[in-house]
There are 2 protein chains.
Amino acid sequence: MTNASRSAVPVTAALLVIGEEILSGRTRDENIGYVAAYLTRVGISLREVRVVVDQEEEIAAAVNDLRCRFSYVFTTGGIGPTHDDVTTDAIAKAFNVGVAVHDEAVAVMRQHYRDNDLTPARLRMARIPNGADLIHNKISRAPGFMLENVIVMAGIPRIMQVMLDEVIPRLDKGRPLQSRSVRLDAAEGDVAAPLAALQLAHPEIQMGSYPFFERDQLGTYVVLRGADETSLASALAALWDVIAREGFSASAADED
Amino acid sequence: MTNASRSAVPVTAALLVIGEEILSGRTRDENIGYVAAYLTRVGISLREVRVVVDQEEEIAAAVNDLRCRFSYVFTTGGIGPTHDDVTTDAIAKAFNVGVAVHDEAVAVMRQHYRDNDLTPARLRMARIPNGADLIHNKISRAPGFMLENVIVMAGIPRIMQVMLDEVIPRLDKGRPLQSRSVRLDAAEGDVAAPLAALQLAHPEIQMGSYPFFERDQLGTYVVLRGADETSLASALAALWDVIAREGFSASAADED
């Protein structure tokens, strides 16, 4: 990955997960956490996730809402060969463009499938909205695509992951947000007041407080986030001062 | 749970997950899968999930969009005592109502906290939008609430779960969707055509096809969903006929 396109302004994204199976509780989604951690690491700030049903109108409406509000929209799911795979048509509808069998997509699929196996169903996976660029994947060969700022990927986690590796170098990135986490064996209610004061004193650092419940005890992770290492170090030192003053039991938790 | 309010029309829901920590990839969400499976089981159809940042305007906008479109909106997260807990105020803003310390909320919190521990920060958790009903929880005592069709719950999974148990009996429910799953050791591209024909022949049953990738082989779960047992049994029998005719290797997968 090159830093050539690294932007000083935040680069933002939304993730649209297309899948009835997540909403019915049949499948536990694995892509949200993966994409969230990945984008954060490369300097793209994930600001919203949606999970919607496999229906063209719903998908198109969500894409059109999100692509105006964020630098990029990533979608997962619904680009396979079956009747419930409607993402490609939904994206074309959102952009008001046509869909056609894409020669290069057919060519890469031929590397994987024998002619007999290139059924009409599989050739549906070579249908790409006009104007989109392919996103290749070395596992199943059937490509995803990128149309303007919308990145359309498979739903199967392993295939989605190689598509993400393939597309990320093409995108703008901001400065990656650094974070430092501290685990406090104290409930949020005891941490809240000093933490609020600390946040006021360090407005350039985003301070999050995440309660947990372990062995019948409430505890709190405090997470400091910022793009500037010096400010982050200063806020972290101030947090440790607060911890010492309040007498909290605490430990660094960045390996979490 | 009583069936008194079991409705013949579908009862729908959206889930709004409030949490920077999910979007940054720091925490893997555990609530989406739990709520999805739970609602499906009781006869409420989850149609959309959103994950948004801890910002009042974002939360209020999402709530106002979703509460008009679905029977219920469930929210998780952001009702704790710290500065980044803004859900209560966001809900009040969405409904354009005030927020006040709720006597009953204070009373239940007194059962759990000694007077010294009822800090101003903790008392923030007794602030409830005007007109809302409390949702109790026996773990931390700080309540969630329900305002019209919006159900506001904690983000900590164990606490969210007891709140869900507490509120579900108050809600309308539809007929629970039954499902039958079959695992096919065949790629979606080979299953697609016969499955599309089967879907056309059984329009009252929703047929989903979910690819998986295991030991370097693509396979497919086919899931049939419907509220009527007879129609479901008939579609399932027809699916097994297709499987026999096509010579697929397959097994029932309902224990998944």
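**Helix packing and the chain contact**

Modeller: Helices are DSSP runs of H or I with at least four residues, strands are E runs of at least two, and both are numbered from the N terminus. This is a predicted model: local features need pLDDT of at least 70, side-chain atom pairs count only at pLDDT 80 or more, and totals for chains, interfaces and linings use all residues. Residues are numbered from 1 along each chain as its sequence is written, with chains lettered from A and ligands numbered from 1 in written order.

Biologist: Which residues of H2(A) and H7(A) make the contact?

Modeller: A:Asn31, A:Tyr34, A:Val35 and A:Tyr38 from H2(A), and A:Pro157, A:Met160, A:Gln161 and A:Leu164 from H7(A). Contact means C-beta atoms, placed from the backbone, within 7 Å.

Biologist: OK, switching to the chains. How many residues does the contact take from chain A and chain B?

Modeller: 50 residues from chain A and 50 residues from chain B.

Biologist: And what gives the most on the chain A side?

Modeller: H8(A), with eight residues.

Biologist: What is the bridge partner of A:Val51 in S2(B)?

Modeller: B:Val49 is the partner of A:Val51.

Terms used
Contact = placed C-beta atoms within 7 Å. Pairing = 2+ DSSP bridges.
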